Amino acid sequence: MKNTFYKYQGTGNDFVMIDNRNGDFSHTDSTLVAHLCDRRFGIGADGLILLENDDDTDFRMVYFNADGNESTMCGNGGRCIVAFAHFLGIVDDEMEFMAIDGPHKALIQGDMVSLKMQDVSEIKEKSNALFMNTGSPHHVQMVEGLKLYDVKKEGARLRYGVYGEKGSNINFVEANTTNGFNIRTYERGVEDETLSCGTGVTAVALAMHHLGKTSANQIAISALGGNLSVDFKYNNGSYTDIYLKGAAKQVFKGEMEW
Ligand SMILES: N[C@@H](CCC[C@H](N)C(=O)O)C(=O)O
(Lines give C-alpha, C1' and ligand atoms only; values in the text may rest on other atoms or scores of the structure.)
Protein backbone atom coordinates (compact mmCIF):
# COMPACT_ATOMS: atom_id res chain seq x y z
CA MET A 1 0.00 0.00 0.00
CA LYS A 2 1.29 3.45 -0.89
CA ASN A 3 1.71 5.87 1.99
CA THR A 4 2.07 9.64 1.83
CA PHE A 5 5.02 11.35 3.47
CA TYR A 6 6.51 14.85 3.46
CA LYS A 7 10.11 15.96 3.64
CA TYR A 8 11.04 19.02 5.72
CA GLN A 9 14.31 20.72 6.57
CA GLY A 10 15.27 23.22 9.25
CA THR A 11 18.64 24.81 8.48
CA GLY A 12 19.64 21.61 6.70
CA ASN A 13 18.60 19.20 9.47
CA ASP A 14 16.17 17.08 7.42
CA PHE A 15 13.21 14.97 8.41
CA VAL A 16 10.64 12.60 6.98
CA MET A 17 7.33 13.92 8.29
CA ILE A 18 4.23 11.74 8.55
CA ASP A 19 0.69 12.72 9.50
CA ASN A 20 -0.09 9.89 11.93
CA ARG A 21 -3.35 11.20 13.34
CA ASN A 22 -4.95 7.88 12.36
CA GLY A 23 -2.29 6.01 14.39
CA ASP A 24 -1.38 3.62 11.55
CA PHE A 25 2.40 4.14 11.80
CA SER A 26 3.88 1.93 14.53
CA HIS A 27 6.18 3.46 17.16
CA THR A 28 8.14 0.24 17.51
CA ASP A 29 9.19 -0.58 13.95
CA SER A 30 12.75 0.74 14.16
CA THR A 31 13.77 -1.21 11.03
CA LEU A 32 11.16 0.66 8.98
CA VAL A 33 12.15 4.07 10.39
CA ALA A 34 15.84 3.39 9.67
CA HIS A 35 14.91 2.24 6.14
CA LEU A 36 12.87 5.39 5.42
CA CYS A 37 15.74 7.57 6.70
CA ASP A 38 18.35 5.71 4.63
CA ARG A 39 19.81 8.08 2.01
CA ARG A 40 20.46 5.31 -0.55
CA PHE A 41 17.67 2.78 -0.08
CA GLY A 42 14.96 5.01 1.42
CA ILE A 43 13.80 8.63 1.38
CA GLY A 44 16.83 9.91 3.27
CA ALA A 45 16.79 12.05 6.42
CA ASP A 46 18.45 12.75 9.78
CA GLY A 47 15.25 11.69 11.50
CA LEU A 48 11.57 10.81 11.16
CA ILE A 49 8.73 12.65 12.88
CA LEU A 50 5.13 11.62 13.46
CA LEU A 51 2.42 14.22 13.96
CA GLU A 52 -0.27 12.76 16.21
CA ASN A 53 -3.36 13.88 18.11
CA ASP A 54 -2.92 15.07 21.68
CA ASP A 55 -5.64 15.55 24.33
CA ASP A 56 -4.13 18.66 25.94
CA THR A 57 -2.39 20.57 23.14
CA ASP A 58 -2.82 21.16 19.40
CA PHE A 59 -0.85 18.03 18.40
CA ARG A 60 1.90 15.65 19.55
CA MET A 61 5.39 15.23 18.09
CA VAL A 62 7.04 11.80 18.15
CA TYR A 63 10.70 11.88 17.07
CA PHE A 64 12.97 9.09 15.82
CA ASN A 65 16.65 9.37 14.95
CA ALA A 66 17.91 8.06 11.58
CA ASP A 67 19.06 4.86 13.36
CA GLY A 68 15.36 4.02 13.86
CA ASN A 69 15.16 4.62 17.61
CA GLU A 70 12.73 7.01 19.27
CA SER A 71 14.76 9.70 20.99
CA THR A 72 14.65 12.85 23.04
CA MET A 73 13.67 16.36 21.85
CA CYS A 74 14.69 17.63 18.44
CA GLY A 75 14.71 21.43 18.17
CA ASN A 76 14.89 21.65 14.40
CA GLY A 77 12.36 18.84 14.08
CA GLY A 78 10.13 20.80 16.47
CA ARG A 79 10.37 23.84 14.21
CA CYS A 80 9.61 21.67 11.16
CA ILE A 81 6.54 20.03 12.71
CA VAL A 82 5.20 23.51 13.49
CA ALA A 83 5.46 24.33 9.75
CA PHE A 84 3.85 20.96 8.92
CA ALA A 85 0.91 21.46 11.33
CA HIS A 86 0.40 24.94 9.89
CA PHE A 87 0.51 23.52 6.34
CA LEU A 88 -2.09 20.86 7.27
CA GLY A 89 -4.36 23.59 8.68
CA ILE A 90 -4.39 22.08 12.18
CA VAL A 91 -3.21 25.33 13.75
CA ASP A 92 -3.10 29.06 13.13
CA ASP A 93 0.12 31.08 13.60
CA GLU A 94 0.39 30.44 17.35
CA MET A 95 0.23 26.99 18.82
CA GLU A 96 1.27 24.62 21.57
CA PHE A 97 2.29 21.01 21.04
CA MET A 98 3.42 18.11 23.21
CA ALA A 99 6.83 16.48 22.78
CA ILE A 100 8.77 13.92 24.82
CA ASP A 101 10.20 16.67 27.07
CA GLY A 102 6.85 18.39 27.68
CA PRO A 103 4.75 21.13 26.05
CA HIS A 104 6.24 23.65 23.60
CA LYS A 105 4.70 26.94 22.50
CA ALA A 106 5.53 28.11 18.97
CA LEU A 107 4.88 30.89 16.50
CA ILE A 108 5.15 30.71 12.69
CA GLN A 109 5.56 33.76 10.43
CA GLY A 110 6.19 32.80 6.79
CA ASP A 111 9.10 30.35 6.85
CA MET A 112 10.32 31.53 10.24
CA VAL A 113 9.46 29.43 13.28
CA SER A 114 10.09 30.47 16.86
CA LEU A 115 9.99 27.52 19.26
CA LYS A 116 9.94 27.74 23.04
CA MET A 117 12.38 25.30 24.60
CA GLN A 118 12.31 23.85 28.13
CA ASP A 119 13.98 25.85 30.92
CA VAL A 120 17.59 24.96 31.75
CA SER A 121 18.74 25.25 35.36
CA GLU A 122 21.73 22.93 35.44
CA ILE A 123 24.94 23.32 33.46
CA LYS A 124 27.74 20.91 34.36
CA GLU A 125 31.30 22.15 34.02
CA LYS A 126 33.81 19.61 32.74
CA SER A 127 37.57 20.08 32.23
CA ASN A 128 37.31 21.66 28.77
CA ALA A 129 33.59 21.56 28.06
CA LEU A 130 30.08 22.09 29.43
CA PHE A 131 27.23 19.60 29.53
CA MET A 132 23.52 20.35 29.73
CA ASN A 133 20.11 19.04 28.70
CA THR A 134 18.11 21.31 26.40
CA GLY A 135 15.55 18.59 25.72
CA SER A 136 18.40 16.38 24.47
CA PRO A 137 21.84 15.94 26.08
CA HIS A 138 24.60 18.21 24.78
CA HIS A 139 28.36 18.47 25.26
CA VAL A 140 29.62 21.94 24.26
CA GLN A 141 33.32 22.45 23.61
CA MET A 142 35.14 25.50 22.24
CA VAL A 143 37.77 24.75 19.59
CA GLU A 144 40.10 26.68 17.33
CA GLY A 145 39.94 26.12 13.56
CA LEU A 146 36.33 24.88 13.55
CA LYS A 147 36.14 24.90 9.75
CA LEU A 148 38.74 22.15 9.41
CA TYR A 149 37.95 20.35 12.68
CA ASP A 150 37.37 16.57 12.41
CA VAL A 151 33.87 16.68 13.91
CA LYS A 152 32.96 13.11 13.02
CA LYS A 153 36.10 11.57 14.53
CA GLU A 154 36.24 13.71 17.69
CA GLY A 155 32.45 13.67 18.10
CA ALA A 156 32.32 9.88 17.93
CA ARG A 157 35.24 9.57 20.35
CA LEU A 158 33.54 11.78 22.96
CA ARG A 159 30.04 10.43 22.36
CA TYR A 160 31.13 6.85 23.11
CA GLY A 161 34.24 7.43 25.23
CA VAL A 162 32.90 10.00 27.70
CA TYR A 163 29.14 9.46 27.65
CA GLY A 164 28.94 5.68 27.25
CA GLU A 165 26.05 3.70 25.83
CA LYS A 166 23.41 6.40 26.39
CA GLY A 167 25.67 8.94 24.69
CA SER A 168 25.36 12.65 24.06
CA ASN A 169 25.27 15.00 21.14
CA ILE A 170 28.64 16.73 20.75
CA ASN A 171 28.91 20.41 19.73
CA PHE A 172 32.08 22.23 18.74
CA VAL A 173 31.97 26.03 18.73
CA GLU A 174 34.05 29.10 18.05
CA ALA A 175 33.27 32.82 18.09
CA ASN A 176 32.80 34.46 14.69
CA THR A 177 33.46 38.02 13.57
CA THR A 178 29.82 39.14 13.72
CA ASN A 179 29.34 38.86 17.50
CA GLY A 180 27.88 35.40 17.17
CA PHE A 181 29.17 31.85 17.18
CA ASN A 182 29.76 29.12 14.61
CA ILE A 183 28.71 25.60 15.51
CA ARG A 184 29.29 22.10 14.15
CA THR A 185 27.50 19.15 15.74
CA TYR A 186 27.97 15.39 15.88
CA GLU A 187 24.50 13.94 16.43
CA ARG A 188 23.79 10.89 18.52
CA GLY A 189 21.45 8.52 16.65
CA VAL A 190 22.61 9.83 13.28
CA GLU A 191 26.18 8.97 14.35
CA ASP A 192 27.57 11.61 12.05
CA GLU A 193 27.81 15.36 11.69
CA THR A 194 24.53 17.00 10.65
CA LEU A 195 24.16 20.43 9.03
CA SER A 196 22.40 21.82 12.11
CA CYS A 197 21.02 20.72 15.48
CA GLY A 198 18.42 22.91 17.20
CA THR A 199 18.84 21.63 20.75
CA GLY A 200 22.61 21.88 20.14
CA VAL A 201 22.34 25.49 18.97
CA THR A 202 20.29 26.22 22.10
CA ALA A 203 22.95 24.57 24.29
CA VAL A 204 25.74 26.54 22.63
CA ALA A 205 23.96 29.86 23.15
CA LEU A 206 23.42 29.15 26.86
CA ALA A 207 26.98 27.82 27.21
CA MET A 208 28.51 30.94 25.67
CA HIS A 209 26.48 33.11 28.06
CA HIS A 210 27.39 30.87 31.02
CA LEU A 211 31.10 31.13 30.15
CA GLY A 212 30.89 34.92 29.81
CA LYS A 213 31.80 34.80 26.11
CA THR A 214 28.83 37.10 25.56
CA SER A 215 26.52 39.05 27.84
CA ALA A 216 23.76 39.24 25.21
CA ASN A 217 20.48 37.43 25.76
CA GLN A 218 19.81 37.13 22.04
CA ILE A 219 22.57 35.15 20.36
CA ALA A 220 23.14 34.45 16.66
CA ILE A 221 24.45 31.01 15.88
CA SER A 222 25.66 29.98 12.45
CA ALA A 223 25.42 26.29 11.56
CA LEU A 224 26.63 24.67 8.34
CA GLY A 225 23.02 24.61 7.07
CA GLY A 226 22.02 28.15 8.00
CA ASN A 227 21.54 30.70 10.73
CA LEU A 228 19.52 30.44 13.92
CA SER A 229 19.03 32.70 16.88
CA VAL A 230 18.37 31.92 20.52
CA ASP A 231 16.95 34.34 23.04
CA PHE A 232 16.32 33.77 26.72
CA LYS A 233 15.96 35.26 30.18
CA TYR A 234 18.65 34.62 32.77
CA ASN A 235 18.16 34.74 36.51
CA ASN A 236 20.40 33.35 39.21
CA GLY A 237 21.82 30.42 37.24
CA SER A 238 18.56 29.55 35.48
CA TYR A 239 17.64 30.10 31.85
CA THR A 240 13.93 30.54 31.11
CA ASP A 241 11.78 31.74 28.18
CA ILE A 242 14.27 30.22 25.77
CA TYR A 243 13.24 30.63 22.12
CA LEU A 244 14.95 28.98 19.16
CA LYS A 245 14.24 30.82 15.93
CA GLY A 246 15.00 30.04 12.27
CA ALA A 247 13.58 28.90 8.96
CA ALA A 248 11.73 25.59 8.51
CA LYS A 249 10.67 24.52 5.03
CA GLN A 250 8.76 21.82 3.21
CA VAL A 251 11.02 20.25 0.57
CA PHE A 252 8.66 17.82 -1.14
CA LYS A 253 5.70 15.47 -0.75
CA GLY A 254 5.96 11.86 -1.85
CA GLU A 255 4.40 8.43 -1.82
CA MET A 256 6.15 5.20 -0.97
CA GLU A 257 5.20 1.63 -0.23
CA TRP A 258 5.96 0.36 3.24
N1 LIG B 1 18.53 17.22 15.46
C2 LIG B 1 18.20 17.49 16.77
C3 LIG B 1 18.51 16.63 17.90
C4 LIG B 1 17.83 15.28 17.73
C5 LIG B 1 18.04 14.38 18.89
C6 LIG B 1 19.42 13.86 18.97
N7 LIG B 1 19.93 13.26 17.78
C8 LIG B 1 19.48 12.90 20.15
O9 LIG B 1 19.15 11.72 20.00
O10 LIG B 1 19.81 13.36 21.25
C11 LIG B 1 17.84 18.91 17.09
O12 LIG B 1 17.62 19.68 16.14
O13 LIG B 1 17.72 19.26 18.25
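This is a predicted model: local features need pLDDT of at least 70, side-chain atom pairs count only at pLDDT 80 or more; totals for chains, interfaces and linings use all residues.
**Helix α3 and the chain around it**

Good morning. In helix α3, which runs over residues 151–161, the buried residues are V151, E154, G155, L158 and R159. They span an arc of only 130° around the axis, so they lie on the same side of α3; the arc is that of the directions from the helix axis to the C-beta atoms. An α-helix has 3.6 residues a turn, so residues three or four places apart point the same way. On the other side of α3, K153 and G161 are exposed. Here, buried means under 20% relative accessible area, exposed over 50%, and partly exposed in between, with a 1.4 Å probe and protein chains only.

Residues are numbered from 1 along each chain as its sequence is written, and side-chain values use heavy atoms, leaving out hydrogens and water.

What covers the buried residues of α3? The cover includes β10 (137–142), β11 (169–175), β12 (181–187) and β13 (192–194), where contact means heavy atoms within 4.5 Å.

Let us turn to the whole protein chain. The protein chain has four helices and 17 strands; these are DSSP runs, numbered from the N terminus, with helices (H or I) of at least four residues and strands (E) of at least two. Of its 258 residues, 53% are buried. Among contacts with a separation of 6 or more, 61% come from residues 24 or more positions apart. Along its principal axes, the C-alpha trace spans about 55 × 35 × 30 Å.
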